Amino acid sequence: MSKRAGLAILAVFVIGSLLDFVLHGILLRSTYEATAYLWRPMKDMNLPLIYAVMLVFSVCFVAIYGLLVDNKSVWSGIKLGFLFGLTTGVSMGFGSYSYMPIPLTLAVSWCVGSLVEITIAGAIVGAIMRD
């Protein structure tokens with residue numbers, strides 16, 4: 001793995017973790033509290049697993065960019081991030097809404113949050129790994 005790829009993985013992990021905290025820990029807190037019957041209590045959440053998932057995402061996202069994007073630039077990273085974010089956002093937000101009794105506002109928030117977070121991740125990876 002190149003030094004740039006390692007730096008990109010670290011950056012996506014840190015920024016993604018911070019954005020997840022802002023989205024889920026601050027912006028959506030009242031929504032989660034209103035639907036508490038659906039979620040584990042905070043004391044039962046598995047933080048090491050949450051961070052392991054974010055690390056796997058970061059490694060895979062950077063690997064996809066590194067292996068499959070020919071013209072490495074910020075713009076290429078943004079395009080990849082937008083498409084990846086749209087895919088995960090729709091599947092996470094509206095896919096979950098289709099079988100879980102979550103409010104529509106939560107589904108939309110998950111979709112938009114994923115789209116924004118992963119587009120930012122794409123811009124970061126594109127900036128770090130550009131030609």
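Start by selecting helix α3 (residues 47–68) and helix α4 (residues 74–99): their axes come within 11 Å and cross at roughly 125 degrees. Here axes are lines fitted to C-alpha atoms, for helices over the stretch in contact, and angles run from 0 to 180 degrees between N-to-C directions. That angle makes α3 oblique to α4; under 35 degrees counts as roughly parallel, over 145 as roughly antiparallel, 65 to 115 as roughly perpendicular and the rest as oblique. Helices (H or I, at least four residues) are DSSP runs, numbered from the N terminus, as are strands (E, at least two).

This is a predicted model, in which local features need pLDDT of at least 70 and side-chain atom pairs count only at pLDDT 80 or more, while totals for chains, interfaces and linings use all residues. Residues are numbered from 1 along each chain as its sequence is written, and side-chain values use heavy atoms, with hydrogens and water left out.

Stay on this pair and show side chains. F57, F61, I64 and Y65 in α3 meet S76, G77, L80, G81 and F84 in α4, contact meaning heavy atoms within 4.5 Å. By class, this contact of α3 with α4 has 6 nonpolar, 3 polar and no charged residues. Ala, Val, Leu, Ile, Met, Phe, Trp, Tyr, Cys and Pro count as nonpolar, Asp, Glu, Lys and Arg as charged, and the others, Gly among them, as polar.

The contact of α4 with α5 divides into 18 nonpolar, 11 polar and no charged residues.

Within α4, pick S96. Is S96 buried or exposed? S96 is buried, with a relative accessible area of 9%; buried means under 20%, exposed over 50% and partly exposed in between (1.4 Å probe, protein chains only). Leaving aside residues up to four places away in sequence, S96 touches S91, I102 and W110.

Last, select K43 and D44, whose side chains meet in a salt bridge (3.4 Å, N to O). The term requires a side-chain nitrogen of Lys or Arg within 4 Å of a carboxyl oxygen of Asp or Glu. The structure holds 1 salt bridge. K43 counts as exposed at 71% relative accessibility, and D44 as partly exposed at 41%.
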